[in-house]
Amino acid sequence: SASTYGDSHATEPAAGGSVRGKLSRLRLAREWEVKSINMLEECASQYPGRQWNDLSHKERTKLIRSALKPDAILFNPHSDYMKSWDMVIVIALMFTSIVTPYEVVFTPQVPLDSWSFVVSRIVDVVFLKDMVIQFFLKVEVPRKDKYGSILLRSPREIRRRYMTTWFGVDLVSIFPFDLVLYSVQGGNTMSGIKMLRMVRLFRLFKMVRILRTSRLVARWQNKVAISFAMQKLAKFSFILILVSHWMACVWGFVGYAVGEELCDETGQRVHDSAEDIALSGRSWLVHTYTVVKTDTPDNPCNPWHVYITALYWTVMTITSIGYGDIYPIRNEEYVVCVACMLIGGILWAFIIGSLCGAMAMGNPVETNFESSMDLLNDMMEDSKVPRTSRQHYREYLREAKVRDADRHFRSIAKTFSPLLKGNLLLQISTMRTDSGSVYYLRQAPRPLLMELVDAMENQFFSRREPLLYKSGTLCLIDRGTVVRAGRVLTPG
(Lines give C-alpha, C1' and ligand atoms only; values in the text may rest on other atoms or scores of the structure.)
Protein backbone atom coordinates (compact mmCIF):
# COMPACT_ATOMS: atom_id res chain seq x y z
CA SER A 1 0.00 0.00 0.00
CA ALA A 2 1.06 3.63 -0.43
CA SER A 3 -0.12 7.03 0.71
CA THR A 4 -0.96 9.65 -1.86
CA TYR A 5 -2.14 13.25 -1.59
CA GLY A 6 -3.80 15.18 -4.41
CA ASP A 7 -1.84 14.90 -7.65
CA SER A 8 1.23 13.09 -6.32
CA HIS A 9 2.10 9.73 -7.87
CA ALA A 10 1.43 6.43 -6.13
CA THR A 11 3.98 3.68 -5.91
CA GLU A 12 3.16 0.14 -6.94
CA PRO A 13 0.58 -1.32 -4.54
CA ALA A 14 0.67 -4.86 -3.28
CA ALA A 15 -2.08 -7.26 -4.28
CA GLY A 16 -5.27 -6.38 -2.50
CA GLY A 17 -3.58 -3.32 -1.00
CA SER A 18 -5.29 0.01 -0.37
CA VAL A 19 -4.30 3.63 -0.67
CA ARG A 20 -5.28 6.27 1.86
CA GLY A 21 -5.91 9.48 0.01
CA LYS A 22 -7.21 12.92 0.81
CA LEU A 23 -9.77 14.94 -1.05
CA SER A 24 -8.99 18.24 -2.68
CA ARG A 25 -10.38 21.23 -0.81
CA LEU A 26 -14.08 21.81 -1.24
CA ARG A 27 -15.37 25.33 -1.29
CA LEU A 28 -17.63 24.77 1.72
CA ALA A 29 -16.22 21.70 3.45
CA ARG A 30 -12.56 22.78 3.24
CA GLU A 31 -11.20 19.53 4.65
CA TRP A 32 -8.85 16.80 3.49
CA GLU A 33 -11.04 13.71 3.62
CA VAL A 34 -9.44 10.30 4.23
CA LYS A 35 -10.61 7.45 2.00
CA SER A 36 -9.58 3.81 1.58
CA ILE A 37 -9.11 2.91 -2.09
CA ASN A 38 -8.29 -0.44 -3.70
CA MET A 39 -6.12 0.63 -6.59
CA LEU A 40 -6.26 -2.76 -8.30
CA GLU A 41 -10.04 -2.64 -8.49
CA GLU A 42 -9.98 0.99 -9.65
CA CYS A 43 -7.43 0.12 -12.35
CA ALA A 44 -9.50 -2.83 -13.59
CA SER A 45 -12.62 -0.64 -13.65
CA GLN A 46 -11.12 2.36 -15.46
CA TYR A 47 -8.60 0.54 -17.71
CA PRO A 48 -9.89 -2.98 -18.45
CA GLY A 49 -7.16 -5.43 -19.47
CA ARG A 50 -4.30 -3.28 -18.11
CA GLN A 51 -2.27 -3.55 -14.92
CA TRP A 52 -1.12 -0.80 -12.57
CA ASN A 53 2.46 -1.12 -13.82
CA ASP A 54 1.27 -0.54 -17.39
CA LEU A 55 -0.17 2.89 -16.57
CA SER A 56 1.75 6.08 -17.10
CA HIS A 57 2.23 8.61 -14.32
CA LYS A 58 -0.43 10.81 -15.88
CA GLU A 59 -2.91 7.93 -16.03
CA ARG A 60 -2.15 6.96 -12.43
CA THR A 61 -2.72 10.53 -11.30
CA LYS A 62 -5.99 10.70 -13.20
CA LEU A 63 -7.07 7.39 -11.67
CA ILE A 64 -6.26 8.52 -8.13
CA ARG A 65 -8.01 11.86 -8.64
CA SER A 66 -11.12 10.07 -9.87
CA ALA A 67 -11.06 7.65 -6.93
CA LEU A 68 -10.70 10.46 -4.42
CA LYS A 69 -13.78 12.34 -5.56
CA PRO A 70 -16.23 12.63 -2.68
CA ASP A 71 -19.34 10.46 -2.73
CA ALA A 72 -21.42 13.34 -1.38
CA ILE A 73 -20.80 17.00 -0.55
CA LEU A 74 -20.81 17.42 3.22
CA PHE A 75 -20.05 20.43 5.38
CA ASN A 76 -17.10 20.28 7.73
CA PRO A 77 -18.27 21.63 11.15
CA HIS A 78 -14.79 23.12 11.73
CA SER A 79 -14.49 24.91 8.38
CA ASP A 80 -14.25 28.68 8.02
CA TYR A 81 -17.69 28.79 6.44
CA MET A 82 -19.31 27.03 9.41
CA LYS A 83 -17.47 29.32 11.84
CA SER A 84 -19.05 32.33 10.13
CA TRP A 85 -22.42 30.60 9.94
CA ASP A 86 -22.32 29.79 13.66
CA MET A 87 -21.91 33.49 14.39
CA VAL A 88 -24.99 34.22 12.27
CA ILE A 89 -26.94 31.57 14.18
CA VAL A 90 -25.82 33.03 17.53
CA ILE A 91 -27.06 36.48 16.51
CA ALA A 92 -30.38 35.00 15.34
CA LEU A 93 -30.79 33.06 18.59
CA MET A 94 -30.08 36.17 20.66
CA PHE A 95 -32.69 38.10 18.69
CA THR A 96 -35.23 35.30 19.18
CA SER A 97 -34.59 34.91 22.91
CA ILE A 98 -34.81 38.65 23.61
CA VAL A 99 -37.23 40.19 21.11
CA THR A 100 -39.81 37.39 20.76
CA PRO A 101 -41.02 37.27 24.40
CA TYR A 102 -41.05 41.09 24.56
CA GLU A 103 -43.20 41.35 21.45
CA VAL A 104 -45.59 38.61 22.61
CA VAL A 105 -46.29 40.33 25.93
CA PHE A 106 -45.85 44.05 25.47
CA THR A 107 -46.64 44.70 21.78
CA PRO A 108 -49.86 42.90 20.86
CA GLN A 109 -49.93 44.36 17.34
CA VAL A 110 -46.80 44.37 15.17
CA PRO A 111 -47.26 46.22 11.83
CA LEU A 112 -46.14 44.46 8.68
CA ASP A 113 -43.79 47.32 7.85
CA SER A 114 -42.11 47.45 11.27
CA TRP A 115 -38.41 46.61 11.62
CA SER A 116 -39.08 43.79 14.09
CA PHE A 117 -41.44 42.04 11.68
CA VAL A 118 -38.92 42.28 8.84
CA VAL A 119 -36.05 41.07 11.03
CA SER A 120 -38.19 38.20 12.31
CA ARG A 121 -38.78 37.03 8.73
CA ILE A 122 -35.04 37.23 8.05
CA VAL A 123 -34.40 35.15 11.15
CA ASP A 124 -36.93 32.58 9.92
CA VAL A 125 -35.04 32.35 6.62
CA VAL A 126 -31.77 31.92 8.51
CA PHE A 127 -33.23 29.09 10.59
CA LEU A 128 -34.70 27.49 7.47
CA LYS A 129 -31.31 27.52 5.77
CA ASP A 130 -29.74 26.09 8.91
CA MET A 131 -32.22 23.20 8.79
CA VAL A 132 -31.09 22.43 5.25
CA ILE A 133 -27.43 22.60 6.31
CA GLN A 134 -28.04 20.06 9.08
CA PHE A 135 -28.82 17.41 6.44
CA PHE A 136 -25.30 17.88 5.00
CA LEU A 137 -23.30 18.66 8.15
CA LYS A 138 -20.87 16.14 9.57
CA VAL A 139 -21.65 15.44 13.21
CA GLU A 140 -19.37 14.51 16.07
CA VAL A 141 -20.97 11.77 18.18
CA PRO A 142 -19.61 10.11 21.35
CA ARG A 143 -18.21 6.61 21.06
CA LYS A 144 -20.37 3.84 22.47
CA ASP A 145 -17.54 1.73 23.86
CA LYS A 146 -15.03 4.28 25.12
CA TYR A 147 -14.33 7.95 25.74
CA GLY A 148 -13.91 10.34 22.85
CA SER A 149 -15.98 11.02 19.76
CA ILE A 150 -16.14 10.11 16.09
CA LEU A 151 -17.15 12.17 13.08
CA LEU A 152 -20.12 10.84 11.14
CA ARG A 153 -19.42 11.03 7.40
CA SER A 154 -22.23 8.84 6.09
CA PRO A 155 -24.98 11.05 4.55
CA ARG A 156 -27.62 8.47 5.46
CA GLU A 157 -26.50 8.28 9.11
CA ILE A 158 -26.26 12.06 9.37
CA ARG A 159 -29.80 12.59 8.09
CA ARG A 160 -31.26 9.72 10.12
CA ARG A 161 -29.72 11.09 13.29
CA TYR A 162 -30.95 14.62 12.61
CA MET A 163 -34.50 13.43 11.83
CA THR A 164 -34.64 11.50 15.12
CA THR A 165 -33.16 14.24 17.33
CA TRP A 166 -33.33 17.95 16.48
CA PHE A 167 -35.51 18.02 13.39
CA GLY A 168 -38.79 18.37 15.31
CA VAL A 169 -37.42 21.21 17.43
CA ASP A 170 -36.10 23.07 14.39
CA LEU A 171 -39.33 22.56 12.47
CA VAL A 172 -41.46 24.05 15.24
CA SER A 173 -39.10 26.98 15.60
CA ILE A 174 -39.46 28.08 11.96
CA PHE A 175 -43.26 27.76 11.78
CA PRO A 176 -44.56 31.24 10.77
CA PHE A 177 -46.89 31.85 13.70
CA ASP A 178 -46.80 35.59 12.97
CA LEU A 179 -48.32 35.19 9.53
CA VAL A 180 -50.98 32.79 10.80
CA LEU A 181 -51.93 34.99 13.74
CA TYR A 182 -52.46 38.04 11.54
CA SER A 183 -55.80 36.53 10.59
CA VAL A 184 -57.00 37.07 14.17
CA GLN A 185 -55.76 40.64 14.51
CA GLY A 186 -59.08 42.02 13.50
CA GLY A 187 -60.23 42.55 17.05
CA ASN A 188 -60.54 46.27 17.66
CA THR A 189 -61.94 46.02 21.19
CA MET A 190 -60.03 45.78 24.44
CA SER A 191 -61.26 42.20 24.87
CA GLY A 192 -59.95 41.50 21.39
CA ILE A 193 -56.55 42.86 22.39
CA LYS A 194 -56.48 40.57 25.44
CA MET A 195 -57.48 37.57 23.32
CA LEU A 196 -54.84 38.43 20.72
CA ARG A 197 -52.18 38.57 23.40
CA MET A 198 -53.24 35.11 24.61
CA VAL A 199 -53.19 33.64 21.11
CA ARG A 200 -49.78 35.09 20.33
CA LEU A 201 -48.32 32.89 23.03
CA PHE A 202 -47.90 30.34 20.25
CA ARG A 203 -45.03 32.48 19.00
CA LEU A 204 -43.06 31.38 22.05
CA PHE A 205 -42.63 28.01 20.37
CA LYS A 206 -39.85 29.71 18.45
CA MET A 207 -37.94 29.80 21.72
CA VAL A 208 -37.33 26.05 21.56
CA ARG A 209 -34.63 26.88 19.03
CA ILE A 210 -32.49 28.03 21.95
CA LEU A 211 -32.04 24.38 22.90
CA ARG A 212 -29.74 23.98 19.92
CA THR A 213 -27.09 26.17 21.57
CA SER A 214 -25.69 22.96 23.04
CA ARG A 215 -24.63 21.96 19.53
CA LEU A 216 -22.81 25.24 19.01
CA VAL A 217 -21.05 24.97 22.36
CA ALA A 218 -19.89 21.44 21.51
CA ARG A 219 -18.38 22.67 18.23
CA TRP A 220 -16.64 25.69 19.77
CA GLN A 221 -15.39 24.24 23.07
CA ASN A 222 -11.96 23.39 21.60
CA LYS A 223 -11.56 26.65 19.68
CA VAL A 224 -11.58 29.19 22.50
CA ALA A 225 -8.57 30.00 24.68
CA ILE A 226 -10.45 32.00 27.32
CA SER A 227 -9.90 30.92 30.92
CA PHE A 228 -12.67 28.89 32.51
CA ALA A 229 -13.11 31.57 35.15
CA MET A 230 -13.86 34.18 32.47
CA GLN A 231 -16.07 31.71 30.60
CA LYS A 232 -18.11 31.05 33.73
CA LEU A 233 -18.34 34.75 34.53
CA ALA A 234 -19.60 35.52 31.01
CA LYS A 235 -21.98 32.55 31.02
CA PHE A 236 -23.54 33.31 34.38
CA SER A 237 -23.84 37.01 33.59
CA PHE A 238 -25.65 36.20 30.36
CA ILE A 239 -27.91 33.67 32.11
CA LEU A 240 -28.76 36.18 34.83
CA ILE A 241 -29.65 38.88 32.30
CA LEU A 242 -31.65 36.48 30.11
CA VAL A 243 -33.60 34.94 33.00
CA SER A 244 -34.35 38.42 34.34
CA HIS A 245 -35.67 39.40 30.92
CA TRP A 246 -37.84 36.29 30.62
CA MET A 247 -39.16 36.63 34.15
CA ALA A 248 -40.03 40.29 33.51
CA CYS A 249 -42.00 39.20 30.44
CA VAL A 250 -43.84 36.54 32.47
CA TRP A 251 -44.68 39.06 35.20
CA GLY A 252 -45.84 41.56 32.62
CA PHE A 253 -48.02 38.94 30.90
CA VAL A 254 -49.70 38.05 34.20
CA GLY A 255 -50.49 41.72 34.83
CA TYR A 256 -52.03 42.07 31.37
CA ALA A 257 -53.89 38.73 31.44
CA VAL A 258 -55.69 38.94 34.80
CA GLY A 259 -56.17 42.70 34.97
CA GLU A 260 -58.29 45.24 33.16
CA GLU A 261 -56.89 46.82 30.00
CA LEU A 262 -55.79 50.34 30.82
CA CYS A 263 -55.42 51.37 27.16
CA ASP A 264 -57.59 51.03 24.10
CA GLU A 265 -56.64 49.73 20.64
CA THR A 266 -55.28 53.16 19.63
CA GLY A 267 -52.90 53.35 22.61
CA GLN A 268 -54.92 55.92 24.57
CA ARG A 269 -55.36 55.52 28.30
CA VAL A 270 -58.94 54.78 29.38
CA HIS A 271 -58.52 54.33 33.16
CA ASP A 272 -56.73 56.89 35.33
CA SER A 273 -57.83 55.67 38.77
CA ALA A 274 -58.79 52.39 40.43
CA GLU A 275 -62.25 53.60 41.45
CA ASP A 276 -63.87 52.76 38.10
CA ILE A 277 -62.26 49.29 37.86
CA ALA A 278 -63.99 46.26 39.38
CA LEU A 279 -62.17 44.04 41.87
CA SER A 280 -62.07 41.26 39.30
CA GLY A 281 -60.08 43.56 37.00
CA ARG A 282 -57.38 44.40 39.51
CA SER A 283 -53.80 43.23 38.98
CA TRP A 284 -50.33 44.37 39.97
CA LEU A 285 -50.18 46.35 36.74
CA VAL A 286 -53.50 48.06 37.34
CA HIS A 287 -52.66 48.76 40.98
CA THR A 288 -49.22 50.16 40.12
CA TYR A 289 -50.45 52.63 37.49
CA THR A 290 -53.72 53.65 39.15
CA VAL A 291 -52.68 53.79 42.82
CA VAL A 292 -48.89 53.83 43.26
CA LYS A 293 -47.61 55.70 40.19
CA THR A 294 -50.30 58.34 39.78
CA ASP A 295 -48.00 61.36 39.89
CA THR A 296 -45.27 60.21 37.48
CA PRO A 297 -44.87 60.66 33.73
CA ASP A 298 -44.82 56.88 33.24
CA ASN A 299 -47.61 55.67 30.99
CA PRO A 300 -49.06 52.11 31.01
CA CYS A 301 -49.77 52.55 27.29
CA ASN A 302 -46.03 52.72 26.66
CA PRO A 303 -44.77 49.10 26.45
CA TRP A 304 -41.25 50.13 27.41
CA HIS A 305 -42.44 51.73 30.66
CA VAL A 306 -44.33 48.59 31.64
CA TYR A 307 -41.37 46.37 30.76
CA ILE A 308 -38.94 48.40 32.89
CA THR A 309 -41.39 48.23 35.79
CA ALA A 310 -41.64 44.44 35.44
CA LEU A 311 -37.86 44.15 35.14
CA TYR A 312 -37.47 46.20 38.33
CA TRP A 313 -39.68 43.68 40.14
CA THR A 314 -37.75 40.76 38.62
CA VAL A 315 -34.35 41.99 39.78
CA MET A 316 -35.70 42.49 43.31
CA THR A 317 -37.04 38.93 43.24
CA ILE A 318 -33.87 37.24 41.95
CA THR A 319 -31.47 39.15 44.21
CA SER A 320 -33.74 38.66 47.28
CA ILE A 321 -33.76 42.39 48.01
CA GLY A 322 -37.45 42.37 48.86
CA TYR A 323 -40.57 44.09 47.62
CA GLY A 324 -41.55 47.70 47.98
CA ASP A 325 -44.04 49.47 45.74
CA ILE A 326 -44.65 46.55 43.30
CA TYR A 327 -46.13 43.32 44.67
CA PRO A 328 -48.84 40.74 43.84
CA ILE A 329 -52.39 41.57 44.87
CA ARG A 330 -54.41 38.52 43.74
CA ASN A 331 -54.14 34.75 43.97
CA GLU A 332 -52.93 34.12 40.40
CA GLU A 333 -50.13 36.63 40.87
CA TYR A 334 -49.09 35.08 44.18
CA VAL A 335 -48.70 31.70 42.46
CA VAL A 336 -46.49 33.20 39.75
CA CYS A 337 -44.60 35.23 42.36
CA VAL A 338 -43.82 32.12 44.45
CA ALA A 339 -42.58 30.28 41.34
CA CYS A 340 -40.40 33.23 40.37
CA MET A 341 -38.96 33.49 43.89
CA LEU A 342 -38.05 29.81 43.91
CA ILE A 343 -36.42 29.99 40.48
CA GLY A 344 -34.67 33.25 41.29
CA GLY A 345 -33.40 32.03 44.66
CA ILE A 346 -31.96 28.82 43.21
CA LEU A 347 -30.42 30.68 40.27
CA TRP A 348 -28.90 33.38 42.48
CA ALA A 349 -27.43 30.86 44.94
CA PHE A 350 -26.03 28.75 42.08
CA ILE A 351 -24.42 31.74 40.39
CA ILE A 352 -22.87 33.10 43.59
CA GLY A 353 -21.49 29.68 44.53
CA SER A 354 -20.13 28.99 41.05
CA LEU A 355 -18.49 32.39 40.77
CA CYS A 356 -16.83 32.01 44.18
CA GLY A 357 -15.50 28.61 43.14
CA ALA A 358 -14.28 29.93 39.78
CA MET A 359 -12.45 32.84 41.38
CA ALA A 360 -10.88 30.61 44.05
CA MET A 361 -9.50 28.25 41.38
CA GLY A 362 -8.89 30.82 38.65
CA ASN A 363 -5.07 30.63 38.43
CA PRO A 364 -3.40 27.57 40.01
CA VAL A 365 0.05 29.18 39.91
CA GLU A 366 -1.17 32.34 41.65
CA THR A 367 -3.11 30.28 44.19
CA ASN A 368 -0.01 28.20 44.99
CA PHE A 369 2.10 31.37 45.27
CA GLU A 370 -0.28 33.00 47.72
CA SER A 371 -0.47 29.94 49.97
CA SER A 372 3.34 29.51 49.81
CA MET A 373 3.89 33.17 50.65
CA ASP A 374 1.56 32.97 53.65
CA LEU A 375 3.33 29.84 54.89
CA LEU A 376 6.75 31.46 54.36
CA ASN A 377 5.78 34.56 56.32
CA ASP A 378 4.44 32.45 59.19
CA MET A 379 7.57 30.28 59.33
CA MET A 380 9.93 33.27 59.17
CA GLU A 381 8.00 34.94 61.98
CA ASP A 382 8.08 31.83 64.16
CA SER A 383 11.78 31.22 63.42
CA LYS A 384 12.75 34.83 64.13
CA VAL A 385 14.39 35.30 60.73
CA PRO A 386 16.04 38.75 60.56
CA ARG A 387 13.74 41.26 58.92
CA THR A 388 16.52 42.48 56.63
CA SER A 389 16.72 38.97 55.10
CA ARG A 390 12.99 38.34 54.81
CA GLN A 391 12.54 40.55 51.77
CA HIS A 392 15.10 38.49 49.83
CA TYR A 393 13.12 35.31 50.42
CA ARG A 394 9.88 37.02 49.47
CA GLU A 395 11.48 38.45 46.33
CA TYR A 396 12.77 35.04 45.29
CA LEU A 397 9.40 33.40 45.85
CA ARG A 398 7.63 36.11 43.90
CA GLU A 399 10.04 35.93 40.95
CA ALA A 400 9.95 32.11 41.02
CA LYS A 401 6.34 32.13 39.84
CA VAL A 402 7.70 31.84 36.30
CA ARG A 403 9.49 28.62 37.24
CA ASP A 404 6.39 27.25 38.94
CA ALA A 405 4.30 28.04 35.88
CA ASP A 406 6.82 26.20 33.69
CA ARG A 407 6.79 23.16 35.95
CA HIS A 408 3.02 23.10 36.02
CA PHE A 409 2.90 23.43 32.25
CA ARG A 410 5.42 20.60 31.78
CA SER A 411 3.34 18.29 33.96
CA ILE A 412 0.40 18.97 31.65
CA ALA A 413 2.50 18.58 28.49
CA LYS A 414 3.71 15.14 29.62
CA THR A 415 0.14 13.83 29.29
CA PHE A 416 0.21 14.46 25.52
CA SER A 417 1.48 12.07 22.89
CA PRO A 418 5.27 12.18 22.23
CA LEU A 419 4.93 14.21 19.04
CA LEU A 420 2.49 16.75 20.49
CA LYS A 421 4.50 16.99 23.71
CA GLY A 422 7.75 17.64 21.84
CA ASN A 423 6.22 20.27 19.55
CA LEU A 424 4.51 22.00 22.46
CA LEU A 425 7.58 22.12 24.70
CA LEU A 426 9.78 23.26 21.83
CA GLN A 427 7.35 26.03 20.96
CA ILE A 428 7.48 27.60 24.43
CA SER A 429 11.13 26.86 25.15
CA THR A 430 14.14 29.10 24.46
CA MET A 431 15.72 26.11 22.71
CA ARG A 432 13.72 26.99 19.61
CA THR A 433 15.46 30.38 19.24
CA ASP A 434 18.70 29.92 21.21
CA SER A 435 19.91 26.68 19.61
CA GLY A 436 21.68 28.75 16.94
CA SER A 437 24.08 30.11 19.57
CA VAL A 438 25.34 26.54 20.25
CA TYR A 439 27.51 25.61 17.30
CA TYR A 440 26.83 21.87 17.44
CA LEU A 441 23.04 22.49 17.47
CA ARG A 442 22.82 24.91 14.56
CA GLN A 443 22.06 22.15 12.06
CA ALA A 444 20.35 19.85 14.55
CA PRO A 445 17.18 18.19 13.29
CA ARG A 446 13.92 19.08 14.93
CA PRO A 447 13.41 15.63 16.58
CA LEU A 448 16.76 16.08 18.41
CA LEU A 449 15.73 19.52 19.68
CA MET A 450 12.43 18.04 20.87
CA GLU A 451 14.29 15.37 22.84
CA LEU A 452 16.64 17.95 24.35
CA VAL A 453 13.92 20.34 25.44
CA ASP A 454 12.05 17.44 27.05
CA ALA A 455 15.16 16.49 29.03
CA MET A 456 16.04 20.03 30.10
CA GLU A 457 15.29 21.21 33.63
CA ASN A 458 14.22 24.72 34.50
CA GLN A 459 16.28 26.16 37.38
CA PHE A 460 15.96 29.51 39.10
CA PHE A 461 18.63 31.35 41.09
CA SER A 462 18.62 34.39 43.32
CA ARG A 463 20.54 37.57 42.59
CA ARG A 464 24.39 37.30 42.74
CA GLU A 465 24.19 33.60 43.54
CA PRO A 466 27.26 31.53 42.44
CA LEU A 467 26.34 28.86 39.90
CA LEU A 468 28.27 25.94 41.33
CA TYR A 469 28.50 22.47 39.81
CA LYS A 470 27.37 23.74 36.38
CA SER A 471 30.57 22.98 34.50
CA GLY A 472 30.05 20.53 31.65
CA THR A 473 26.35 21.34 31.54
CA LEU A 474 24.54 22.97 28.62
CA CYS A 475 22.69 26.01 30.00
CA LEU A 476 20.44 28.41 28.12
CA ILE A 477 19.58 31.71 29.77
CA ASP A 478 15.90 32.50 29.80
CA ARG A 479 15.82 35.53 32.12
CA GLY A 480 18.42 37.73 33.79
CA THR A 481 22.19 37.91 33.20
CA VAL A 482 25.13 35.66 34.05
CA VAL A 483 28.83 36.66 34.45
CA ARG A 484 31.30 33.98 33.34
CA ALA A 485 35.05 34.37 32.76
CA GLY A 486 34.75 38.14 32.57
CA ARG A 487 31.87 38.02 30.04
CA VAL A 488 28.30 39.13 30.63
CA LEU A 489 25.87 36.59 29.16
CA THR A 490 22.27 37.57 28.37
CA PRO A 491 19.28 35.66 26.98
CA GLY A 492 19.72 34.66 23.32
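Modeller: Rings of Phe, Tyr and Trp pair if their centres lie within 6.5 Å. This is a predicted model.

Biologist: How many aromatic pairs does the structure hold?
Modeller: The pairing rule looks at ring centres, with a limit of 6.5 Å. By that rule, the number of aromatic pairs in the structure is 13.

Biologist: Is the pair of Tyr-102 and Phe-106 stacked, tilted or edge-to-face?
Modeller: Their ring centres are 5.3 Å apart, with planes at 35°. Stacked needs under 30 degrees and edge-to-face over 60.

Biologist: Which helix holds both Tyr-102 and Phe-106?
Modeller: The two residues are four apart, about one turn of the helix. Both lie in residues 80-106, which is helix α3.

Biologist: Is Phe-106 buried or exposed?
Modeller: Buried means under 20% relative accessible area. Phe-106 has 2%, so the residue is buried.

Biologist: What is the geometry of the Phe-236 and Phe-350 pair?
Modeller: The ring centres of Phe-236 and Phe-350 lie 5.5 Å apart. Their planes are at 85°, so the pair is edge-to-face.

Biologist: Which helices does that pair link?
Modeller: Phe-236 and Phe-350 are 114 residues apart and link distant parts of the chain. Phe-236 sits in residues 228-258 and Phe-350 in residues 331-360. These are helices α10 and α13.

Methods
Residues are numbered from 1 along each chain as its sequence is written. This is a predicted model: local features need pLDDT of at least 70, side-chain atom pairs count only at pLDDT 80 or more; totals for chains, interfaces and linings use all residues. Side-chain values use heavy atoms; hydrogens and water are left out. Rings of Phe, Tyr and Trp (its six-membered ring) pair if their centres lie within 6.5 Å; planes under 30 degrees apart count as stacked, over 60 as edge-to-face and the rest as tilted. Buried means under 20% relative accessible area, exposed over 50%, partly exposed in between (1.4 Å probe, protein chains only).
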